[in-house]
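This report goes through selected features of one structure, element by element. The sequence and the coordinates are shown first.

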Amino acid sequence: DLILTEKGFMQQNELSYPFEERGLQFGDGVYEVIRIYQGNYHLLNEHVDRLFRSAEAIKIEVPFSKTEMHEYLSELLEKNSVAKDAKLYLQLTRGSAPRSHEFPLNVSSNLYAYVKDFERDLESMREGVATVTLEDIRWEWCYIKSLNLLPNVLAKQHAKEHGAKEAILYKEGMVTEGSSSNIYLVRDGKVYTHPATKRILGGCVRMKIQELCKEKEIPFIEEAFQVEDISYADEMFATSTTAEILPILKVDTVSVGDGEPGKITRELQRLYEKDAHI
Ligand code: PMP
């Protein structure tokens, strides 16, 4: 299995890091997960653009230009034989240096990316999922896809321990996003979701949902809704690269709408699959 690094392609088992590595010691880095359908990257431009935005926001230099990144990622996929459904994980850190908080001088960033088979969770997409709410205790710069995922890890574990698939996070009573997804509420034929401010990660699937809604003249309203609004929702759903579009049937003890996946959610699932050729 070949991986891509800042030094070029190498075997997975050839990659090693000194223990003083800033991603390991500080979570000082950013990452991306890109979906591969039928052997092709999905929403590649969006993911590469976001990687560069995240890196710039925390002043980490990307070792390649955007054009090179596209070339190398394509080459990575060609060099590996993955199943038709797969995903890429890429992470970029500030590099390896003696442990000290400030940026190290004259140290180049570390990057690695690998592809791996990954099956679609058809059951969750078809049947829908239960969720729980949890206070969003994260920092104010959630638009950066940072390696610091501790609050997200704890939130997802909390969901799991409560028999739920996702934790819906709220700040000051407003739903921000999920622990690893964007969250939407449908009411009277309109789709509501938190605006793509610094408080949430602007999902690549979210961008696609916005585009699909526009095409189908489904109002897409970037307005945060409150946790209390959930009782009046007709439908809810979550989106992410790995989960795609998940109908949300339950939030804590409240059933969403009639407790079945909603009409607009189903329509968006259909449009998303058609658009991605899956
Ligand atoms: N918010 C958070 C916190 C996430 O981790 C993810 C998954 N990357 C998303 C939203 C959805 O982003 P995307 O659609 O790009 O996967």
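## Helix 3

In this predicted model, helix 3 covers residues 66-79, which is 14 residues. From its first C-alpha to its last, helix 3 reaches 20 Å, close to the 20 Å expected at 1.5 Å a residue. Its buried residues are Met69, Leu73 and Leu76. Seen down the axis of helix 3, these buried residues fall within an arc of 55°, so they line one face of the helix.

The buried residues of helix 3 are covered by several elements, including helix 2 (44-57) and strand 1 (2-5). Strand 4 (40-41), strand 5 (85-93) and strand 6 (110-117) are also among what covers them.

An open sheet is formed by 6 strands in the order 2-1-6-5-3-4, and the pairing is antiparallel. Strand 2 (8-11) and strand 4 are the edge strands, each of which pairs on one side only.

Strand 1 and strand 2 are joined by a hairpin through 2 residues. The two strands pair in the antiparallel sense over 4 bridges.

## The shell around the ligand

Around the ligand there are 14 residues, of which Leu201, Gly203, Cys204, Val205 and Thr241 come nearest. Two elements give two or more residues to this shell: helix 6 (204-215) and strand 13 (235-240). Helix 6 supplies the largest share, 3 residues.

Sorted by class, the shell around the ligand holds 8 polar, 4 nonpolar and 2 charged residues.

## Two positive phi angles

As a general point, most residues other than glycine have a negative phi. Gln38 is not a glycine, yet its phi is positive, at about 50°. Gln38 sits in the loop between strand 3 (29-37) and strand 4. Gln38 is exposed because it has 11 other C-beta atoms within 10 Å, and the cut-off for exposed is 12 or fewer.

Lys59, likewise a residue other than glycine, has a positive phi near 60°. The loop between helix 2 and helix 3 holds Lys59. With 8 other C-beta atoms within 10 Å, Lys59 is exposed.

Glu20 belongs to the loop between strand 2 and helix 1 (22-26). Is Glu20 buried, exposed or partly exposed? Glu20 has 14 other C-beta atoms within 10 Å, so it is partly exposed.

Leaving out residues up to four places away in sequence, Glu20 touches Gln25, Ser96, Ala97, Pro98 and Arg99. Leu44 is 24 residues from Glu20 along the chain, and the C-alpha atoms of the two are separated by 32 Å.

The loop between helix 5 (150-161) and strand 8 (166-171) contains Ala164. Ala164 counts as buried because it has 21 C-beta neighbours inside 10 Å, where the cut-off for buried is 20 or more. Which residues does Ala164 touch, not counting residues up to four places away in sequence? They are Ala130, Thr131, Val132 and Ala159. Thr131 is 33 residues from Ala164 in sequence, while the two are 4.8 Å apart in space, C-alpha to C-alpha.

Lys160 has its place in helix 5. It counts as partly exposed, with 13 C-beta neighbours inside 10 Å. Between Lys160 and Ser231 there are 71 residues of separation in sequence and 22 Å in space, C-alpha to C-alpha.

Conventions. Residues are numbered from 1 along each chain as its sequence is written. This is a predicted model: local features need pLDDT of at least 70, side-chain atom pairs count only at pLDDT 80 or more; totals for chains, interfaces and linings use all residues. The expected span of a helix is 1.5 Å times one less than its number of residues. The arc is that of the directions from the helix axis to the C-beta atoms. Two residues are in contact if their C-beta atoms, placed from the backbone, lie within 7 Å. A residue is near a molecule or strand if its C-beta atom, placed from the backbone, lies within 6 Å of it. Ala, Val, Leu, Ile, Met, Phe, Trp, Tyr, Cys and Pro count as nonpolar, Asp, Glu, Lys and Arg as charged, and the others, Gly among them, as polar. Two strands pair if DSSP finds at least two bridges between them.
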